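Biologist: I would like a close look at one part of this protein. Please start with the whole chain, then zoom in.

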Amino acid sequence: MGHPLGEIVQVAYVVNDVVEAARRWADRFGAGPFFVRHHIPMHDSVHRGRPARFDHSNACGQWGAVMLELIEDHGTGPSVVRDLYAPGEEGLHHVACFVDDLDAAVAGYAALGYEVAGSGTAYGQTPVCYIDTISDLGHLTELYVPTGRLRDFYALVAQAADGWDGADPVRLRE
């Protein structure tokens with residue numbers, strides 16, 4: 001049964017260095033392989049209702065049935081990362097959910113008393129919204145509609161992990 005506010009498809013951690021962290025997660029926990037993207041273009045980025053710059057890199061790999069995202073925030077100003085962690089700190093940041101209708105899901109969270117912490121459009125194509133669920137869950141909740149491009153990326157990561165022998169744990173992507 002689907003949940004109207006989204007099914008969890010990803011767990012994300014803030015790290016200080018995505019490449020080093022991806023190697024560590026692969027070595028210690030068998031997660032991966034990781035696909036690394038530096039300085040992801042985020043368009044129309046808003047933080048707490050104000051325009052904001054969100055300059056970040058990530059590494060995405062498979063961790064069992066879910067995707068694992070490692071996030072490195074290159075900025076020091078207000079952002080969805082800095083809501084939880086100061087520069088140099090690391091830890092659990094968000095779970096991500098696929099939703100059929102982003103506006104309806106945001107309204108559903110608002111009806112439960114949660115506010116939008118940030119939003120933007122990744123690569124100018126994928127609208128993303130971070131819901132402030134920190135008070136109850138200890139982390140944010142990221143929402144996005146699984147477009148073809150996004151589903152393809154999730155499939156690429158899952159396929160790479162299928163039968164993966166631990167070799168080549170970090171793979172750079174443009």
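How far apart are the mean positions of the positive and negative charges of the protein? Then take me to helix α2: which of its residues are buried, and what covers them?

Modeller: This is a predicted model, where local features need pLDDT of at least 70, side-chain atom pairs count only at pLDDT 80 or more, and totals for chains, interfaces and linings use all residues. Residues are numbered from 1 along each chain as its sequence is written, and side-chain values use heavy atoms, leaving out hydrogens and water.

Charges come first. The protein has 12 positive and 24 negative charges, and their mean positions lie 5 Å apart. Lys and Arg count as positive, Asp and Glu as negative; His and the chain ends are left out. Each charge is placed at NZ of Lys, CZ of Arg, CG of Asp or CD of Glu.

Now the whole chain. It has four helices and eleven strands (DSSP runs numbered from the N terminus: H or I of at least four residues, E of at least two). The radius of gyration is 15 Å, close to the 16 Å that the globule rule gives for 174 residues, so the protein is as compact as a globular protein of that length. That radius is taken over C-alpha atoms, and the rule is 2.2 Å times the number of residues to the power 0.38. The C-alpha atoms fill a box of roughly 45 × 40 × 30 Å along the principal axes. Of the 174 residues, 49% are buried (under 20% relative accessible area; exposed is over 50%, partly exposed in between; 1.4 Å probe, protein chains only).

Zoom in on α2. This helix spans residues 102-111, and its buried residues are Leu102, Ala105, Val106 and Tyr109. Seen down the axis, they fall within an arc of 100°, so they line one face of the helix (the arc is of directions from the axis to the C-beta atoms). An α-helix has 3.6 residues a turn, so residues three or four places apart point the same way. Turn to the face away from the buried side: Asp103 and Ala111 are exposed there. The cover over the buried residues includes the strands β8 (115-122), β9 (126-132) and β10 (140-144). Contact here means heavy atoms within 4.5 Å.

Tyr123 sits in the loop between β8 and β9. Its phi is near 55°, a positive value in a residue other than glycine. Most residues other than glycine have a negative phi. Tyr123 is partly exposed, with a relative accessible area of 22%.
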